[in-house]
Amino acid sequence: MTQLTQIPSDLSTVPSLTCGELLVQWLEYYGVETVFGIPGVHTVELYRGLPNTDIRHVTPRHEQGAGFMADGYYRASGKVGICFIITGPGMTNIMTAMAQALADSIPMLVISSVNKVKDTGSEEGHLHELHDQQGMVSKVALTSKTIWQPESLPKVIAEAFALFNGARPGPVHIQLPIDVITADASHVAKPPSVSNSPSSINDSKASQASNIALTLPQVMRPLPNPAQLDLIVETLKSAKNPVLLYGGGCVDVDSSAQKLAELIDAPTFLTINAKGLLPPAHPLSLGSNQSLEAGRAVITEADLVLAIGTELGETDYDVFFNGEFKINGTLIRIDCDAQQLHRPFRADIAVLSDAQMAISELCTRLESQELNNQASVRVAEAKQALLADMTPDFSGQNALLQLIRDEVKDVIFVGDSTQIVYSGNLGFEALATRRWFNSSTGFGTLGYGLPAAIGAMIGSKSPVVSLMGDGGIQFTIAELICAAELELPLIVLLWNNQGYGEIRRYMEEGGLPLIGVNIKTPNFEPLAAGFGAGYRRITDKQQLLEALKKDINGKQPIIYEIDETDAFIAEMGQTFTCFS
């Protein structure tokens, strides 16, 4: 039985402000609105100060769910997700979510406890003890820091948000020994709203540092080198067949992203996390089809490739893993990460810069130029080739996604690794950025789609559809009750192929024995009811339309189960049109 922290008999020894209470004040100062966490005996003192802030706490049913929620929260809203996680098993549970965030450059702040200062690293068998928690977690984080004394807290928090705002983002881990969480922090610098209050200024224990009115640090990613931009313009002027590649680092770029494509007059591809950056029917857009033969040929034949905010990774450019993605022309890369500028392809011109600033400056320089590469002709030819290769399954699945997109205003699709997501990654066109994302890129985890959709709905307050397979949802099905508890009208579109369908197909094609893939699929109707969610078995288009109108404004999550063999999907595919 776990022994709770003993309550001091002499209340005069209780600090007027603990380090844990000061922590949440600083989080609120940095704009934090939501924390995802599961309280434990090692973290309960982090919760003492929450009622004195406007920060909302959401309780997932597993720490992995907390991480996925924080991930989806950011991707949909642009606001950093925060997690409160216990020592030991809490941290091992959330590491998968952190690894996914690291692979996709998603900022996330994971704040955990660790054993008491004197016990950390002792290997004496203390509750939740790991040999080296910080060393372990640092492998799936940009950085991992320990706050050994309260005085370090403001600086460490500032470092985390500086990374989020000034560099290529990713998860950051901060851990506090449990006796530091409860330590006196009344003398430590406080956020301006706190440090300027009479009670703080008149506190005899407050040091001079705590009375200094601090301002929120303004940290920005690097600005582009003007000489390099001039060189890019001159190189573009001599190119006959340029191609433009936009990645997830451009997700918040304004209309200048479209303007740049038009000024260069170049076929333009969008990675999965950049969907929506150009309108679906734009005459220069080839969507996210750079892994398909017709799209890949456009890049291979280009004499210049301008890649902005993309790591040129396998899960965006070689989703069939055949190693045939190649860049033969001059490669120009713009990225906020210096190391990424030369991997996996070495750039001929490498610009360390914020994407928005570089694109805006290039547009300014190119406005007086007349570049006419007749790109729309090449794009139209490539589109025809792509349409010719579409299979009925591909068309039907994308028709289904397009129908929901057009029926539900501002809908966000949050996907797992499942067949309908794989098809949508290629053929689906989002109407704006931050409305299509999933876990099939980068780390490629299963179980992401449901908890990440919950986080997306909390962060954006927009309608959300979670795309899950019947196998993948079993990883995190417990989070359905979290959505019910929050009364979120989340639509869970459950793609049922009776087990691990994609892996089963892969094994069949390779002549492998079908071991471990034909798993038992639950009866989702009573399962949903047990979690406080609704359920519908969707079997035709009109039924789906009527259900969406009713359920999208409801007060409970609801599962829409669709069998991959349902005839209405193939029927819808007969009238599907790509790039629309």
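Me: Which residues do ring pairs link into a cluster?
Reply: In this predicted model, aromatic pairs number 13 in the structure. Ring pairs join five named side chains into a cluster, and these are Trp 26, Tyr 29, Tyr 30, Phe 161 and Phe 164.

Me: How are the rings of Tyr 317 and Phe 325 arranged, and what is the angle between their planes?
Reply: Tyr 317 and Phe 325, which are both buried, form an aromatic pair with 5.0 Å from centre to centre. Planes under 30 degrees apart would count as stacked and those over 60 as edge-to-face, so what remains is called tilted. The pair of Tyr 317 and Phe 325 is accordingly tilted, with an angle between the planes of 40°.

Me: Which parts of the chain does the pair of Phe 325 and Phe 345 link, and how many residues apart are they?
Reply: Phe 325 also pairs with Phe 345 in an edge-to-face arrangement, at 5.6 Å centre to centre and 85° between the planes. Phe 325 belongs to the loop between helix H12 (314–317) and strand E10 (330–335), while Phe 345 belongs to the loop between E10 and strand E11 (349–352). The pair thus links distant parts of the chain, and the separation is 20 residues.

Me: Over the face of which ring does Arg 434 lie?
Reply: Elsewhere, the charged end of Lys 383 sits over the ring of Phe 579, 4.8 Å from its centre. Arg 434, at 5.0 Å from the ring centre, lies over the face of Tyr 74.

Key. Residues numbered from 1 in each chain as written. Predicted model: local features only at pLDDT ≥ 70, side-chain atom pairs only at ≥ 80, totals over all residues. Heavy atoms only, no water. Phe/Tyr/Trp six-rings, centres within 6.5 Å; stacked < 30°, edge-to-face > 60°. Buried < 20%, exposed > 50% of the residue type's maximum accessible area, 1.4 Å probe, protein only. Helix = DSSP H or I, 4+ residues; strand = E, 2+ residues; numbered from the N terminus. Lys NZ or Arg CZ within 6 Å of the ring centre and 35° of its normal.
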